[in-house]
Amino acid sequence: MYKIAFNFLKKYFSEAALFKYGFNLSPMYRRSVGKLVFVSKDLHQVQVQIPLNYKNKNYVGAIFGGSMFSATDPIYMIQLMNILGDNYVVWDKAADIKYKRPARETAHANFEFSKDEIIQIKESLAVNKEIDFKKKLAITSENKIVFAELSKTIYIAQKDYYKEKTKNRTHK
């Protein structure tokens with residue numbers, strides 16, 4: 001449903017604006033308390049803030065760890081889906097979060113893909129058809145004090161290869 005709406009609205013709004021406001025208005029994302037505050041025109045950079053408030057304050061007065069995780073969980077996958085386009089399949093495969101210190105103030109996360117990373121992904125897929133791409137992220141204070149470190153494994157495949165692979169799996 002989201003992808004259909006996104007493709008329709010691209011006629012009227014920039015992808016960056018749709019990405020930002022689509023996330024911020026989405027009920028599933030709003031529940032995380034995270035908010036996208038910046039999306040670059042090429043979607044290669046996304047900045048998220050997770051404010052400390054009554055909705056995500058835990059027993060000891062810090063941001064609930066699940067709130068930090070849920071506010072950061074979908075970004076890399078959807079960011080990469082939109083950067084790579086419709087010829088690729090992108091799935092979150094694994095995540096690991098290590099909490100370093102209590103977040104008693106607004107937390108920040110900067111999701112970034114360099115042009116070299118995108119080239120590397122496409123070159124790897126041209127040879128291997130599917131890859132697991134690992135990405136790390138720090139969730140920090142405004143002054144770069146690290147609250148948590150996130151490691152994501154993202155599965156990426158050429159769409160034709162993925163369709164053939166899954167078709168063969170269902171016919172066995």
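Student: Why is Leu43 called buried?

Tutor: Its relative accessible area is 2%. Buried means under 20%, exposed means over 50%, and partly exposed lies in between, with a 1.4 Å probe and protein chains only. The value falls under 20%, so Leu43 is buried. This is a predicted model, in which local features need pLDDT of at least 70 and side-chain atom pairs count only at pLDDT 80 or more, whereas totals for chains, interfaces and linings use all residues. Residues are numbered from 1 along each chain as its sequence is written, and side-chain values use heavy atoms, with hydrogens and water left out.

Student: Where does Leu43 lie, and what marks its phi?

Tutor: Leu43 belongs to the loop between β1 and β2; helices (H or I, at least four residues) and strands (E, at least two) are DSSP runs numbered from the N terminus. Its phi is near 65 degrees, a positive value in a residue other than glycine. Most residues other than glycine have a negative phi. Val33 also carries a positive phi, near 75 degrees, and is placed in the loop between α3 (27-30) and β1. With 11% relative accessibility, Val33 counts as buried.

Student: What makes Ser40 count as buried, and which residues does it touch?

Tutor: Its relative accessibility is 11%, so Ser40 counts as buried. Ser40 is found in the loop between β1 and β2. Leaving aside residues up to four places away in sequence, Ser40 touches Ala16 and Gln45, where contact means heavy atoms within 4.5 Å. Ser40 and Glu15 are 25 residues apart in sequence, and their C-alpha atoms are 9.4 Å apart in space.

Student: What makes the pair Asp73 and Lys152 a link between distant parts of the chain?

Tutor: Their side chains meet in a salt bridge at 2.7 Å, N to O. Asp73 is in the loop between α4 (65-72) and α5 (75-84), and Lys152 is in strand β6 (residues 146-158), 79 residues apart. Asp73 is partly exposed at 24% relative accessibility, whereas Lys152 is buried at 0%.

Student: How does the salt bridge of Lys167 with Glu164 sit in its helix?

Tutor: The closest N and O atoms of Lys167 and Glu164 are 3.7 Å apart. Both residues lie in helix α7 (residues 159-170), 3 residues apart, about one turn of the helix. An α-helix has 3.6 residues a turn, so residues three or four places apart point the same way. Lys167 is partly exposed at 42%, and Glu164 is partly exposed at 39%. Elsewhere, salt bridges that share partners join Asp73, Asp92 and Lys152 into one network.

Student: Why are α5 and α6 called roughly perpendicular?

Tutor: The two helices pack at an angle of about 75 degrees, with their axes 12 Å apart. Angles under 35 degrees count as roughly parallel, over 145 as roughly antiparallel, 65 to 115 as roughly perpendicular and the rest as oblique. The angle of about 75 degrees therefore makes α5 roughly perpendicular to α6. The axes are lines fitted to C-alpha atoms, for helices over the stretch in contact, and angles run from 0 to 180 degrees between N-to-C directions. Leu80, Ile83 and Leu84 in α5 meet Ile118, Ile121 and Lys122 in α6.

Student: How do you know that the buried residues of α4 line one face?

Tutor: Gly65, Ser67, Met68, Ala71 and Thr72 are buried in α4. Seen down the axis, the buried residues fall within an arc of 165 degrees, so they line one face of the helix; the arc is that of the directions from the helix axis to the C-beta atoms. Gly65 has 16% relative accessibility, and its C-alpha atom is separated by 9.6 Å from that of Phe147, 82 residues apart along the chain.

Note on methods. Salt bridge = Lys/Arg side-chain N within 4 Å of Asp/Glu carboxyl O.
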